[in-house]
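Please consult the sequence and structure shown below.

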Amino acid sequence: MLTIHPTAAGFLEQAQEALDRDEALHNLMIGVVARLLEQPDYYANQPAYLATWSAGGAPTYAAVMTPPYGLLVAAFTPGAPPAGAVDAVIESLLAGRWPMPSVNGVSAVSGQLARAWSERTGQRVNGEMRERLYALRQVRRPPSPPGLYRKAEAGDISILAEWITAFRAEAIPTDPPLDGVRIATQRLEIFSVWDDGGPVAMMGNNRNTAHLASVGFVYTPPGLRGRGYATALVAAGSQALLDSGRAGCVLFTDLNNPTSNDIYQKIGYEPLADFTMYRFDG
């Protein structure tokens with residue numbers, strides 16, 4: 001049975017236990033819904049799509065969308081998600097006239113919905129982004145380049161704003177652009193930098209779950225790459241998150257970027273699962 005939840009609190013009441021059973025795998029969905037709960041205006045006060053499919057009284061599938069971003073899907077049972085759940089989500093999206101720019105999730109799960117959506121609507125997949133989710137429990141420190149790790153400060157806001165905008169344009173050019181000034185100003189506390197006579201790389205702790213910290217916004221300007229700044233920053237920043245009481249860290253990488261995948265593994269991040277975002281026409 002499909003349940004559409006009008007509030008993030010209602011969604012979590014139904015899905016929290018299932019999400020928490022594999023906190024690392026579902027960290028993105030947990031983080032998105034937690035942000036809806038804690039900062040209702042974060043997504044410009046647009047309504048969110050929050051759905052769970054239950055069998056035998058327990059949720060086995062969930063779907064979340066915060067326009068203008070695409071759909072995020074998760075399955076809580078081994079094997080392929082039940083076809084009934086996928087079909088029910090699609091019909092409810094169509095009935096509610098929700099936009100469908102993309103679907104993201106563990107590759108087998110998002111792929112199933114992408115195929116079913118295309119068959120049901122005729123809307124074709126026109127691109128995909130393949131990512132790998134990594135998890136870390138212990139940092140392996142790399143050789144340190146010149147400079148030092150530090151938390152971002154008010155004087156860094158302008159450069160962080162510029163880098164946040166550049167990061168989004170480079171990493172996910174098909175997503176809506178980010179307001180770098182707003183993020184750097186309102187969420188300065190989540191950022192760290194590597195400082196070598198001034199900031200040379202940035203890292204963000206962009207969301208947390210009950211026990212894990214998510215690392216993101218890792219960016220070095222093109223002219224400063226290849227010097228080990230980002231590697232040292234992510235190692236030091238991940239260690240700081242562990243020292244703060246987090247049991248581990250997670251992050252996503254673009255599978256088309258072998259350099260970043262290699263770097264993160266060298267400092268202790270281990271592959272957990274592959275995700276694929278499928279984008280649709282129009």
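The second largest pocket holds about 250 Å³ of space. The model is predicted, with local features needing pLDDT of at least 70 and side-chain atom pairs pLDDT 80 or more, while totals for chains, interfaces and linings use all residues. Residues are numbered from 1 along each chain as its sequence is written, and side-chain values use heavy atoms, without hydrogens and water.

**Second largest pocket**
- A pocket is an open set of points on a 1 Å grid where a 1.4 Å probe fits, with protein on both sides within 12 Å along at least five of seven lines; lining residues have an atom within 4 Å of a point.
- Its lining comprises 18 residues, and L25, H26, A74, A75 and V106 lie nearest the centre.
- Strand β4 gives the most to this lining, with four residues.
- By class, 12 lining residues are nonpolar, four polar and two charged.

**Aromatic pairs**
- Rings of Phe, Tyr and Trp (its six-membered ring) pair if their centres lie within 6.5 Å; planes under 30 degrees apart count as stacked, over 60 as edge-to-face and the rest as tilted.
- The count by this rule is seven aromatic pairs.
- The W163 and Y219 pair is tilted, because the ring centres are 6.3 Å apart and the planes stand at 50 degrees.
- W163 belongs to helix α5 (residues 157-171) and Y219 to strand β10 (residues 212-219), so this pair ties together parts 56 residues apart in sequence.
- Both W163 and Y219 are buried (under 20% relative accessible area, 1.4 Å probe, protein chains only).
- F167, F191 and F217 form one aromatic cluster.

Conventions. Helices (H or I, at least four residues) and strands (E, at least two) are DSSP runs, numbered from the N terminus. Buried means under 20% relative accessible area, exposed over 50%, partly exposed in between (1.4 Å probe, protein chains only). Grid points are joined across faces, edges and corners, and a volume is the space filled by probe spheres set on the points. Ala, Val, Leu, Ile, Met, Phe, Trp, Tyr, Cys and Pro count as nonpolar, Asp, Glu, Lys and Arg as charged, and the others, Gly among them, as polar.
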